[in-house]
Amino acid sequence: MPQVKIIAKNFMDMVAALPTLKLDKLYENTFICEAVLRSLPPLAKKYALQLLYIEEPVTAKSMEEWVLPDGFSKHRVAIDRLIQLRVFIENPDGFSRKKETSYKLNPRFQVNLQNYTAHGGVLPRESMSSSITVRLPTAEELDSYALEQWESFLLQLISSGQIEKTTTSFSPSMMRIFQQGLVSQRDREGPRLTESGFQFLLMDTNAQLWYIIREYIINSEDRGVDSADLISFLLELSFHATGQAYNTSTLDEVQRSAVKDLADLGLIKLQQGRKESWFIPTKLATNLSVSLSDSSSRKEGYVVVETNFRLYAYSTSKLHCEILRLFARIEYQLPNLIVGAITKESLYTAFENGISSEQIISFLQQNAHPRVCDRAAPSVPENVTEQIRLWESDLNRVEVTPANFYDEFPSKDVFEGACDYARDNGGLLWEDSKRMRLVVKAEIHTLMRDYLHRQK
């Protein structure tokens, strides 16, 4: 049986990590089955559809005959993914006396997809008539709303003090959940971004969103919400049409609570009419079940770094300004331009907060302005990158090694013998022959103690 380790890098990894009973329960929902099917690698989709109307298990050996030798690695990846998601169930009881590995489609998954392919699917809920809803936002307005909400959330996540009073406030309990591992709180000091937090800010929007949604799901049990029910609703959202209005009266209690949180994150927009209320999914919501590698796109850069360490960021985003403030001195900000400088003092502050020189250099390179990237020269001047590394190395001149101190030796011979013994075992750090004092690595303390006892 293959060893399949699940590391949650996207939504379907989270689904695969669910306990068997909860995962099988999810497959009672046709939309979940379709969402899982379309998330599979192409070869895995082919296998699932080939076995859709086959009731008997198929041996692994016979499936290997379906692929050419040069496609075996893709075959292995496809089988592993199908097993992770329990689309394939391995070795059903009582199938083969030879104990050959065999696979069969998950019965619930199989029945639902059979019905779907034969009779077609029904949407989770019908969109509301335009005669009931007020003016719905255009696609551009909805994208702008989603971006504004998401940046507002990130601003509050990394520096609560910078948020304007008019901005939507997130509950402290939810914010603490999202800040776990990203922000550290020291005594008598404000929250500080951790090394993981800076890495989080380097991610593209889809990867950031997935991280937050993952934390939201993981901690759902603490709020009295079944994680399987929450995952089911989030996957259903991917079947809704972006920009269409859906009545909130069709939601259950868990879903209504989730909708409010998702609106704060920019995944949906809430609107209220005279009698009815509705929610409108944004692209962030409808892309949830899509693989990160498919949905993510490189952000357009906005940073220019000069050889004199001056920094210019062509952006109107307050979030961009706060990110740059983590390692640079911001001098002034115009409506569409942020001007600052990379200084030794600003970098020392970043290093003390756990941000490395390589992370800073990587950020500047990834977010370099397109005009800079088009040049033959490096996007960040070499003298700047080298100086950033040198300033970091200034803080790492002292190496701390756990050690033990020995003195009061009975004689010169015992002291010299102890020095030789520590040296032979690779643990001698320092010796003072005049005063007969010795420092050795803590890792050989037990050996030294036994040696000195024998000398007595």
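Of the 456 residues in the protein chain, 47% are buried, where buried means under 20% relative accessible area, exposed means over 50%, and partly exposed falls in between (1.4 Å probe, protein chains only). The model is a predicted one, in which local features need pLDDT of at least 70 and side-chain atom pairs count only at pLDDT 80 or more, while totals for chains, interfaces and linings use all residues. Residues are numbered from 1 along each chain as its sequence is written, and side-chain values use heavy atoms, with hydrogens and water left out.

The protein chain holds 22 helices and 15 strands; these are DSSP runs numbered from the N terminus (helices: H or I, at least four residues; strands: E, at least two). Take the contacts (heavy atoms within 4.5 Å) between residues at least 6 apart in sequence: 65% of them join residues at least 24 apart.

Now for the backbone. Most residues other than glycine have a negative phi. F309, though not a glycine, has a positive phi of about 75 degrees. F309 sits in the loop between strand 9 (303-305) and strand 10 (310-313), and is buried, with a relative accessible area of 17%.

E408 also isn't a glycine, and its phi is positive too, near 60 degrees. The loop that holds E408 runs between strand 13 (403-406) and helix 21 (412-424). E408 is exposed, at 73% relative accessible area.
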